[in-house]
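This briefing walks through a few local features of one chain. Please keep the sequence and the model open while reading.

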Amino acid sequence: MHHFAAPAAPLFASPAQLLAGTKRPAQSPAGLVGDTPVLWVGQPFTTNGSGFWAKLEGHNPGGIKDRTALHMVQAARQRGQLLPGARIVESTSGTLGLGLALAGVAFGHPVTVVTDPGMEPLMTGLLTAYGADVQTVRTPHPAGGWQEARRLRVEELLSVHPDSWCPDQYHNPDNVAAYGPLAHELVAQLGRIDALVVSVGTGGHSAGIGSVLRGYFPGLRVVGVDTTRSTIFGQPAGARLMRGLGSSIYPGNVAYDLFDEVHWVPAAESVWAARSLARCRYATGGWSVGAVALVARWLADRLPPESRIVAVFPDGPQRYVETVFNDAYCQEHGLLDHEPASKPEEIAHPHENTVTSWTRCTTVVDPLGATREQQTAGVTR
């Protein structure tokens, strides 16, 4: 019979040293957010000894948008835009809703989130459990889809609750500023970063992380990951299964000049990558995580071996048990057994053609172009 002895505990000069490298006790749920780990993702998910570092934002209570929800709420309170006890109303596909529910508990605000039928029952249940009022729109807007339908419902609710406040995550610069601490965590954890692979939805965390990291590392390569049928980088809008990345509107927070290239990833390839990660590394997530991991895997095989690549994983797998990780759902939508190509297709310009498969483009432009510049000039005059 074999007896295994536990390793001897290290001796410390003072009890304070026992806390080195751990989070401090939190007196508010807001204190649970941040300081998330990074994990090496290599073979067998990658090939030829290549790999990348994954920032696991699913270790926050609700995901990456806990950071921006707390920051936007705190900033609005400090400016007097959000009065004590006033209602917070916002449109969300889920993750920001969890962050706002957390902020509502931490700062004493009722929260109403407006969503659509695509939100998973698990997410609706969690939001309700955390005290949020969940309102679901039933008909997509003919031009702006579900996002525009949700936005219009938010406007109605704001008129019903005159003292309420909407974060407006798509255009609020505090959404971008919220991610400075995440970038600083990465610098402290990894020291040097050569490439950042990041999903793009509202544009907040890609702009916030990328701009700070480029200040430290001017040669940083920033790779944006979108989904097919998303308008963000100039493709036509269409119905999408994937949530958390992509958009049917043009978010004001997207920093187009920050990106060196963009990839559009379809749902099936994202499912393949998310499921492969779960089996290989026990660290995975939903649509955004799968899409980001697929692109980071390709980039790691393409860049020199010494390159240090970071992929931001916005959430964990829990909310996707009935979608990404459900065989019946994936079979119904034709998402199973789609092992991706070894490399993406290439287009020279986002308007060259409508992409339906994993595609890469190194020309990144603002689809609104001069129109957005005119709007900005009108605001600043």
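Contact here means that heavy atoms lie within 4.5 Å of each other. The model is predicted, so local features need pLDDT of at least 70 and side-chain atom pairs count only at pLDDT 80 or more, whereas totals for chains, interfaces and linings use all residues. Residues are numbered from 1 along each chain as its sequence is written, and side-chain values use heavy atoms, with hydrogens and water left out.

**Arg-319**

- Arg-319 sits in the loop between strand E9 (309-313) and helix H10 (327-332), where helices (H or I, at least four residues) and strands (E, at least two) are DSSP runs numbered from the N terminus.
- With a relative accessible area of 8%, Arg-319 is buried, a term that means under 20% relative accessible area (1.4 Å probe, protein chains only).
- Leaving aside residues up to four places away in sequence, Arg-319 touches Ser-93, Gly-94, Thr-95, Glu-120, Leu-122, Met-123 and Arg-243.
- A polar atom of the Arg-319 side chain lies 3.0 Å from the backbone oxygen of Ser-93.

**Helix H8**

- Helix H8 (residues 267-281) has 15 residues and should span 21 Å at 1.5 Å a residue, which agrees with the 21 Å between its end C-alpha atoms; the expected span is 1.5 Å times one less than the number of residues.
- Because eleven of its 15 residues are buried, H8 is largely enclosed by the rest of the structure.
- The buried residues of H8, including Trp-272 and Arg-275, pack against strand E1 (38-41), strand E8 (261-265), helix H9 (287-302), E9 and H10.

How values were computed
Buried < 20%, exposed > 50% of the residue type's maximum accessible area, 1.4 Å probe, protein only. Polar contact = N/O pair within 3.5 Å; in protein donor to acceptor, adjacent residues only side chain to side chain.
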